[in-house]
Amino acid sequence: MGRIRDLFRRAEKRPNDKYFRAAAAEVWPYEVQHGRPRPDDLAQGLETSAAHVWVYACTNAVARCAARVPIEILKPAAPRGQQVTALPSDPVARPFLAVNDFMSQAELIELTVLHLLLTGNAYWDIERQTGEIWPLRPDRVSVVPHSTEFVSGYLYRNRGVTVRFDVDEVVHFKLPNPSDPWYGLAPLRAAFDSVQADRYAILGSKQFQQHGAVPAGILTAPHALDSEQVERLRGEWKRLYGGPKGRQRVAVLQGGMDFRTISISARDAEVIAQRKLNREEICAVFGVPPAVVGLFEYANYANADVQERLFWRNTVIPHVRRIAQRLNESDVLPQGWHAEPDLSDLATLLSDQPTQGRSN
């Protein structure tokens, strides 16, 4: 009866709480039945990962590294104040260590971080009867707000079917959103303009490659040539200097003929510079240093090592800690149990000492 009594006491106090009274003013009666409308770009965010090279590279770099950090479930043990690591066979720890028959904990963490980066939200369905965890697609989940308890449940919609989850059946992970307390804000939204600009640049280049008519070079003659001579000259030039074997051959021109290459135009140079800027902005939004995604244009071995360590400290580890802390704040773990990232394998990487064997 202790937990039930605490719930009633909490419900009695919250209507008088200033924060919840202010939040209640934002709750419309329609939302109580049908859920709060989701941001329109959640589904688009999931699709962007597969449609844009640098979004894919950055989000997968963060998620893949986050999956390397296991989350331990610690349970109370004697003497009092100490904790020991729970085993997968433990009924409480099993959902978090074994997850389900089709997914490992590493895969669950990787997908969770991807959902956070692309949509700002991630959801776990906690199946207490089967002892399993199933990730829910964030673009199909709606939060059902409550005037005094903040959230009363979740709605999952897929192909015309709606499933309602109680608040204790779902763990909602979200990134900070200054304009909406119920849904998180995705880093991808901040990089939206850069992603769109890069898409247009790629599309323009693709259309030019398909339909453009600019030759690699121009071969001129001092007098007019008939069509037969033009074709013979073009074929002979291609035979001698075309392909890999002809790249280093020396051309000998006679009869006043001249060859001039077509250099890159100022417009093409501007597009290349813009794409580099878009790439840097996208990496910055996701907290991924260039060297982590294979861009060594401004890096050597020494500062690449520094970039990697900063990437783990400032980007990867905070995401894993966010997941563990949210589990500790939820009701899915009994009192005294604790979720904690296991950083033992990363001790050397996260230290301030440079990796041995690397030098300028």
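**View 1. Arginine 159, an exposed loop residue.** At 82% relative accessibility, arginine 159 counts as exposed (exposed is over 50% relative accessible area, buried under 20%, partly exposed in between, with a 1.4 Å probe and protein chains only). Arginine 159 sits in the loop between S6 and S7 (helices are DSSP runs of H or I with at least four residues, strands runs of E with at least two, numbered from the N terminus). Its phi is near 55 degrees, a positive value in a residue other than glycine. Most residues other than glycine have a negative phi. This is a predicted model, in which local features need pLDDT of at least 70 and side-chain atom pairs count only at pLDDT 80 or more, while totals for chains, interfaces and linings use all residues. Residues are numbered from 1 along each chain as its sequence is written, and side-chain values use heavy atoms, with hydrogens and water left out.

View 2. As for cover, valine 99 is buried, with a relative accessible area of 0%, whereas arginine 159 is exposed.

**View 3. The open sheet S5-S6-S7.** Three strands come together here in the order S5-S6-S7, with antiparallel pairing (two strands pair if DSSP finds at least two bridges between them). Strand S5 (141–146) and strand S7 (161–166) are the edges, each pairing on one side only. On average, neighbouring strands of this sheet are turned by 25 degrees against each other, direction ignored. Look for the 6 bridges that join S5 to strand S6 (residues 150–158) in the antiparallel sense. Opposite valine 144 you will find glycine 153 in S6.

**View 4. The open sheet S4-S3-S8.** This open sheet holds 3 strands in the order S4-S3-S8, and its pairing is antiparallel. At the edges are S4 and strand S8 (170–174), each with pairing on one side only. Its neighbouring strands are turned against each other by 25 degrees on average, direction ignored. Helix H12 (residues 301–329) lies across S3 and S8 and runs at about 140 degrees to S8.

View 5. Aspartate 125 has tryptophan 134 in S4 as its bridge partner, and tyrosine 123 stands opposite leucine 136 in S4. The hairpin has 4 residues between its two strands, and glycine 131 in the turn has a positive phi of about 70 degrees. Strand S4 (residues 132–136) has 4 of its 5 residues buried, so it is largely enclosed by the rest of the structure.

**View 6. Helix H5 against helix H7.** Helix H5 (residues 53–66) packs on helix H7 (residues 105–119) at an angle of about 140 degrees, with their axes 8 Å apart (axes are lines fitted to C-alpha atoms over the stretch in contact, and angles run from 0 to 180 degrees between N-to-C directions). That makes H5 oblique to H7 (angles under 35 degrees are roughly parallel, over 145 roughly antiparallel, 65 to 115 roughly perpendicular, and the rest oblique). The crossing of the two is right-handed (the near helix is turned clockwise from the far one by less than a right angle). Among the residues making the contact are Val55, Thr59, Val62 and Ala66 of H5 and Ile109, Val113, Leu114 and Leu117 of H7 (contact means heavy atoms within 4.5 Å).

**View 7. Helix H4 against helix H7.** H7 has another packing partner to show you: helix H4 (residues 42–51) packs with H7 at an angle of about 115 degrees, and their axes are 8 Å apart. H4 passes H7 in a right-handed crossing. From H4, the residues Leu42, Gly45, Leu46 and Ser49 meet His115, Leu118 and Thr119 in H7. Leu118 of H7 also belongs to the contact with H5.
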